[in-house]
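Here is a short briefing for a reader who is meeting this structure for the first time. Keep the sequence and the 3D view open while reading.

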Amino acid sequence: MMKPMLQVALDTKTTAEALNIVRQVGDVVDVLEAGTLLIYEEGLDAVKALRAVGADKIVLADCKTADAGGAVAKECKEAGADWMTCICAATVPTMVSAQKEIEVQVELYGEWTKKQAQAWIDNGIKQVVYHQSRDAKFAGQTWGQKDLDAVKELIDMGFKVSVTGGMKPEVLKLFEGVDVYTFIAGRAIHGADDPYEAALEFKNEINRIWK
Ligand code: 5RP
């Protein structure tokens, strides 16, 4: 079983703030995410900046693309991203045209079906992100058996599955024995008083559970 990677989701207001977090947690995390909120603020310059400081890291552009997949993917690739996200509501041709340029992660929000997921994998999509949305969490949603079952089913289908949404280190043990590809944490790291200690807490928990 592979050890899950740790991704920091940089949903900061400015690229400068994101770079400040990377300076603190760069030695601990594996993937640097230009968060959707950061991309709204700074565009793909944020991705360029992360690429410049994270030569040895995977860089993700979390653009949650719904259409024009190939065009967006070209831009993300030129900015230096290794991966980009498409929203699960996008059509298969959107995902496929993006995947021709760059590795796509399909972000699972709201309603989606196993039939759709099978179509994604049949068309060469390798990654999905199992997501509890920020707003659902504000409304009281918590991590539990339903999520675990869904993640396992997606892994059994052949996807590399990342898990995110209000992640905290204590949630990770729910996934013990499961081949999670990456845990993605945003506010728990960039919003912490000590982002380095917060990232380390995630990493130590990953190392403890996935030996
Ligand atoms: C929001 C996102 C976030 O980047 C992801 O959910 C991680 O952030 P947090 O840990 O703060 O929930 O994709 O749409």
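The model is predicted. Strand S7 is largely enclosed by the rest of the structure, because four of its five residues are buried. Helices H4 and H5 cross at roughly 30°. Gln 105 has a relative accessible area of 0% and is buried.

**Strand S7 and its partners**

- Strand S7 covers residues 160–164.
- Strand S6, residues 127–131, pairs with S7 in the parallel sense. Five bridges link the two.
- Across that pairing, Val 129 stands opposite Ser 162 in S7.
- S7 also runs parallel to strand S8, residues 182–185. Three bridges join S7 to S8.
- Here Val 163 stands opposite Phe 183 in S8.
- In a regular strand, side chains alternate between the two faces of the sheet.

**Strand S3 and its partners**

- Strand S3 spans residues 58–65.
- Strand S2, residues 31–34, pairs with S3 over four bridges. The sense is parallel.
- Leu 32 stands opposite Val 59 in S3.
- Strand S4, residues 83–87, runs parallel to S3 and is joined to S3 by three bridges.
- Thr 65 has Cys 86 in S4 as its bridge partner.

**Gln 105, a buried residue**

- Gln 105 lies in strand S5, residues 103–108.
- Its relative accessible area is 0%, so Gln 105 falls under the 20% cut-off for buried.
- Which residues does Gln 105 touch, not counting those up to four places away in sequence? They are Leu 60, Trp 83, Met 84, Thr 85, Cys 86, Gln 127, Val 129 and Ser 162.
- Another contact, Cys 86, is the bridge partner of Thr 65.
- Leu 60 is 45 residues from Gln 105 along the chain. The C-alpha atoms of Gln 105 and Leu 60 are separated by 9.3 Å.

**Helices H4 and H5**

- Two packed helices are described by the angle between their axes and the distance between the axes.
- H4 covers residues 69–79, and H5 covers residues 92–99.
- Their axes come within 7 Å and cross at roughly 30°. That angle makes H4 roughly parallel to H5.
- The crossing of H4 and H5 is right-handed.
- From H4, Gly 69, Gly 70 and Ala 73 take part in the contact. From H5, the residues are Thr 94, Ser 97 and Ala 98.
- By class, this contact has two nonpolar and four polar residues, with no charged residues.

- Most residues other than glycine have a negative phi.
- Lys 64 has a positive phi, near 45°. Lys 64 lies in S3.
- Is Lys 64 buried or partly exposed? At 22% relative accessibility, Lys 64 counts as partly exposed.
- Ala 68 has a positive phi too, near 55°.
- Where is Ala 68 placed? Ala 68 is in the loop between S3 and H4.
- Ala 68 has a relative accessible area of 42% and is partly exposed.

Note on methods
Residues numbered from 1 in each chain as written. Predicted model: local features only at pLDDT ≥ 70, side-chain atom pairs only at ≥ 80, totals over all residues. Heavy atoms only, no water. Buried < 20%, exposed > 50% of the residue type's maximum accessible area, 1.4 Å probe, protein only. Pairing = 2+ DSSP bridges. Axes fitted to C-alpha atoms, helices over the stretch in contact; angles between N-to-C directions. Parallel < 35°, antiparallel > 145°, perpendicular 65-115°, else oblique. Left-handed = near helix turned anticlockwise from the far one by under 90°. Contact = heavy atoms within 4.5 Å. Nonpolar A, V, L, I, M, F, W, Y, C, P; charged D, E, K, R; others polar.
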